[in-house]
Amino acid sequence: SARLQTLEAFAAWDGKEFANTRVLVTVQGKCTTDHISAAGKWLKYKGHLENLARNTLIGAANAALDGRVNEVRNAVAGLQPAQGTIPDVAMAYKRAGVPWLVVADYNYGEGSAREHAAMQPRFLGCNMVVARSFARIHETNLKKQGVLPLVFARPDEDYFIFAKDPHELVVRTQGVVGLSAQSPAVRLIVDRVQDGQTVETYEIDCTHTMSADQIAWFKAGSALNLIAAQQQA
């Protein structure tokens, strides 16, 4: 069926720091849940996550491409499309096993409490969303789906590192191992790679608002995974 699909559990966290994560898009300006998961004709696919995911972030403006909407450069050489729509490039990363993140502006995910706006990026391989700030409900929905939401410690400075040629950036983390509600800090180590060589490295401090319960969701892969495991225990 084009409208119904069995929902498979998301993979649990592997217990390691994130590494070799690429930047799918640096979102410029307002990005509501409708920009992330459009409604309208797409609503018929609410029961089919793979088909619905084809609308992921199609309303997002790309800070690295002069604000063009739903267009990104592919960060992986030889992977097609070299430049294309956000969901097409995200799907290419998923097929190739390339983890990716979204960098976002202020109040990312404002608007309606649309669970699919968190489920779709997770389905396509998103492991983090790093924002200048979040709308609270969407931030919680990301946590429920096993996506780590981080906020720049210096939002008016570090966001702009990702606005210049983000396809050159390769991101790894310090602090995902040992993630704690008592120590809400995660550092991103960001290498700018050109022609196979690292030409610059940035250390970017971020914070999180994960509670102990939400960290358990993250480790299990999602809140549903944790609930299922608890029921089987």
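**Exercise 1. What radius of gyration would a compact globule with 233 residues have, and what does the protein have?**

Before the solution, note that this is a predicted model, in which local features need pLDDT of at least 70 and side-chain atom pairs count only at pLDDT 80 or more, while totals for chains, interfaces and linings use all residues. Residues are numbered from 1 along each chain as its sequence is written, and side-chain values use heavy atoms, with hydrogens and water left out.

Step 1. The radius of gyration is taken over C-alpha atoms, and the globule rule is 2.2 Å times the number of residues to the power 0.38.
Step 2. For 233 residues a compact globule would have a value near 17 Å, and the protein has 17 Å, so the two agree.
Step 3. Taken along the principal axes, the box filled by the C-alpha atoms is roughly 50 × 45 × 30 Å.
Step 4. Buried residues, meaning those under 20% relative accessible area (1.4 Å probe, protein chains only), make up 52% of the 233 residues.

**Exercise 2. Find how many residues of helix 4 are buried, and state what covers them.**

Step 1. Helices are DSSP runs of H or I with at least four residues, strands are runs of E with at least two, and both are numbered from the N terminus; the protein has eight helices and 11 strands.
Step 2. Helix 4 spans residues 116-124, and nine of the nine are buried, so this helix is largely enclosed by the rest of the structure.
Step 3. Among the buried residues are H116, M119, R122 and F123.
Step 4. The cover includes helix 3 (86-96), strand 6 (100-104), strand 7 (126-131) and helix 5 (136-144), where contact means heavy atoms within 4.5 Å.
Step 5. Just after helix 4, G125 takes a positive phi of about 110°.

**Exercise 3. Describe how strand 10 is joined to strand 9 and to strand 11.**

Step 1. Two strands pair if DSSP finds at least two bridges between them.
Step 2. Strand 9 (residues 169-174) and strand 10 (residues 185-194) run antiparallel and are joined by six bridges; here T173 has L188 of strand 10 as its bridge partner.
Step 3. Strand 10 and strand 11 (residues 197-207) also run antiparallel, with 10 bridges joining them, and the partner of V190 in strand 11 is Y202.
Step 4. The hairpin of strand 10 and strand 11 has two residues between the strands, and in this hairpin D195 takes a positive phi near 50°.

Conventions:
Buried means under 20% relative accessible area, exposed over 50%, partly exposed in between (1.4 Å probe, protein chains only).
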